[in-house]
Amino acid sequence: MTTLATPPLIELGAPVLGEPEKRALAEVVDSGWLAMGERVRSFEQAFARMHGVEDAVAVSSATAALQVVLATFGIGPGDEVLVPSLSFVATANVVVAAGATPVFVDIEAPERPHMSIEEARARITSSTRAILIMHYAGYTMDVPAWRRLADEYGLFLFEDAAHAAGATGAVGVYSDAAAFSFFANKNLTTGEGGMVLVRGDAPRARMRLMRAHGMTTGTLDRVHGRTTAYDVVECGTNCRMDELRGALGLVQLQRLPEWNECRRGLSTRYRELLAEMLPEVLVPFDRPDPTVAHLFPVLLPPGADRRSVVAAMTGSRVQTSVHYAPIHRFDFYRRRFGALSLPRTERFADGELTLPLHPRLTEADVSRVVATLAEALGRTTGRPSREVAS
Ligand SMILES: *Cc1c(COP(=O)(O)O)cnc(C)c1O
């Protein structure tokens, strides 16, 4: 066996974590108070300010965020909610968990794998109560257009903004509520965590109750002896954020704009190299869509065997992923709602490959990823990759 130097692993995504995060966590430990408190409150205010909205509600995950959104706006049995199938399963699971029915909507086109607004309009019935859009890969949708559609039919408009933290001016501004994720693989991370941007004081107050058992006072108030009595005015849950996560969020938020800028720059470099070396690979969102570049999805040419491509790239120490297996094709959804066909979603999902993208990636890494992909495509088809599409 020859001893070739193993090239370093290029990770799909990787958070930036360092001394400021360690210091922030140590301060919380030293303070002696771990449960939701002043740091979480500061994180809410800073997050809201960055996105140009009045205030925000921190929670334990984006899934919890979507659940309290649906509860706050009274979405339940008998209600239909329009959702994309090309999303993480939580987008639909929360609707089912609320007792409502997710109605899957196809994507626009391979070049724009966002939920199609024309298709959504066609699926509105007298039972439709809400539309839940998702900013796939961090590319922001035309939220004002969705707002007009929602208003036309008297529907709520919610955003699954799990990919879109820092998309200022686009998310959380026109919808009734937008849910963010701070899971370990998102643009800003607190390990687990989430946030809701919600318009209006009344729904925001209701959401704060829903987050903490429907209780009229918080733990901090009771500990500090500000009050001992409380009432329960909603059947709430517990999906609070804790101070450790609040502290991490405050630190990470400061660098989010810089990281998103870095992601955009690397995405541009990918686009240039792919156009030059692999023009048969389709890169969605080629128009200058505003983006925080959470992911870098591409569509492999027809006939390419994705499994072999992934295996070859893994062999060259380049991680890849697929975003996403369509929700409507999962076993649970097929059993519960029957087989349905969303041809554009299926075609896109079957050929999609997500390439590495995170702020610690270099332009040299991007070149290596593209060269590895070119080699993998050439090898798996047994022909120069350029001929695959013809
Ligand atoms: C990550 C993600 C979620 C779930 O976020 P959690 O914070 O892990 O609950 C929901 N929707 C989309 C599109 C996601 O990418």
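Student: How many salt bridges does the rule find across the interface of domain 1 and domain 2?

Tutor: This is a predicted model, and the domain assignment of its chain gives domain 1 as 19–251 and domain 2 as 256–381. Across the interface of these two domains, the number of salt bridges that the rule finds is one.

Student: Which side chains meet in a salt bridge, at 3.3 Å from N to O?

Tutor: A salt bridge needs a side-chain nitrogen of Lys or Arg within 4 Å of a carboxyl oxygen of Asp or Glu. With a distance of 3.3 Å from N to O, the pair that meets in this way is Glu119 and Arg344.

Student: Which element gives the largest share of the side of domain 1 that touches domain 2?

Tutor: Across the interface, the rule also finds 23 residue pairs in polar contact, both residues being at pLDDT 80 or more. On the side of domain 1 that touches domain 2, the elements giving two or more residues are α4 (90–97), β3 (101–105), β4 (107–109) and β5 (112–115). The largest share, four residues, comes from β3.

Student: What is the area buried between domain 1 and domain 2?

Tutor: The C-alpha centres of the two domains lie 26 Å apart, and 41 residues of domain 1 are in contact with 39 residues of domain 2. The size of an interface is often expressed as the accessible area that is lost when the parts come together. Carbon and sulfur atoms give 63% of the area buried between domain 1 and domain 2, and that area is about 3400 Å².

Technical notes. Residues numbered from 1 in each chain as written. Predicted model: local features only at pLDDT ≥ 70, side-chain atom pairs only at ≥ 80, totals over all residues. Heavy atoms only, no water. Domains from an automatic or database assignment. Contact = heavy atoms within 4.5 Å. Buried area = accessible area lost by both parts, 1.4 Å probe. Polar contact = N/O pair within 3.5 Å; in protein donor to acceptor, adjacent residues only side chain to side chain.
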